[in-house]
Amino acid sequence: MIDALAEAGKAYACGEIPIGAVVEKDGIIIGRGHNLTETLKDPTAHAELIAIREAAKTLGGWRLLDCNLYVTCEPCAMCAGAIVWSRMSKIFIGTMDPKGGACGSVFNIIQEERLNHFVEIEVGLMEEECSGIMKTFFKELRLRGSKWDKQKEPGLTK
């Protein structure tokens, strides 16, 4: 989780929501990622997906059997789906996301019995540090006036 937090720090430094992730196999990190959605203007550029893509490239295939994901904040539905489809063994989550989490908070996609794969979950690894970086980021964002608050979605009115 220390390495995932370092990735979250990279996201923080470039103004992204500070979430970091690493994929590990046999004690070796084979994929790293941090949020880059704003930087890349890509809604799929989440830390988990970037780490999963790198791990798949490292292994030379999309099945990440016997791999574990360490992520600072509970994955969303999109990322949870990718975790299941990649056949990840276990996910270690730093802090939960009660508004959008899909690994136990709002949904539990990675343990949905109707799907063809089940992923083990461990929650609370370095929870204070993982939630702390998020709280600090959003506090600073509110203090300086969020750029996202000033943008409006096309076609929407207040």
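**A partly exposed glutamine and its surroundings**

Q111 is partly exposed, because its relative accessible area is 25%, a value that lies between the 20% under which a residue counts as buried and the 50% over which it counts as exposed. The model in which this value was computed is a predicted one. Q111 has its place in the loop between strand 4 and strand 5, the latter spanning 120-123. When neighbours within four places in sequence are left aside, the residues in contact with Q111 are F118, V119, E120 and I121. The side chain of Q111 is also joined to that of N108 by a polar contact of 3.1 Å. Looking back along the chain, one finds V84, which is 27 residues from Q111 in sequence, with a separation of 8.5 Å between the two C-alpha atoms.

V84 leads on to helix 4, where C79, A80, G81, A82, I83 and V84 are buried. The buried residues of this helix pack against three elements, namely helix 3 (47-59), strand 3 (67-73) and strand 4.

Just after helix 4, the backbone takes a positive phi of about 70° at R87, although R87 is not a glycine. R87 is found in the loop that runs between helix 4 (77-85) and strand 4 (90-95). With a relative accessible area of 18%, R87 counts as buried, because the cut-off for that class is under 20%.

D26 lies in the loop between strand 1 (20-25) and strand 2 (28-34). Is D26 buried or exposed? D26 is exposed, because its relative accessible area is 66%, and the exposed class begins over 50%.

Strand 2 also holds H34, which is buried, with a relative accessible area of 16%. The side chain of H34 makes a polar contact of 2.8 Å with the side chain of E7. Not counting residues up to four places away in sequence, H34 touches E7, K10, A11, I19, G20, A45, A47 and I50.

**The chain as a whole**

These places belong to a protein chain with six helices and five strands, which follow one another along the sequence in the pattern α-β-β-α-α-β-α-β-β-α-α. How does the overall extent of the chain relate to that of a compact globule, and what is its radius of gyration? For 158 residues a compact globule would have a radius of gyration near 15 Å, and the protein chain has 16 Å, so the two agree. Taken along the principal axes, the C-alpha atoms fill a box of roughly 45 × 30 × 30 Å.

Of the 158 residues in the protein chain, 43% are buried. Among contacts between residues at least 6 apart in sequence, 56% join residues at least 24 apart. The protein chain exposes about 8800 Å², of which carbon and sulfur atoms supply 55%.

Definitions and conventions:
Residues are numbered from 1 along each chain as its sequence is written. This is a predicted model: local features need pLDDT of at least 70, side-chain atom pairs count only at pLDDT 80 or more; totals for chains, interfaces and linings use all residues. Side-chain values use heavy atoms; hydrogens and water are left out. Helices (H or I, at least four residues) and strands (E, at least two) are DSSP runs, numbered from the N terminus. Buried means under 20% relative accessible area, exposed over 50%, partly exposed in between (1.4 Å probe, protein chains only). The radius of gyration is taken over C-alpha atoms; the globule rule is 2.2 Å times the number of residues to the power 0.38. Contact means heavy atoms within 4.5 Å. Accessible areas come from the Shrake-Rupley method with a 1.4 Å probe; for residues, only the protein chains shown count as cover. A polar contact is a pair of N or O atoms within 3.5 Å; within protein, one must be able to donate a hydrogen and the other to accept it, and residues adjacent in sequence count only if both atoms are side-chain atoms.
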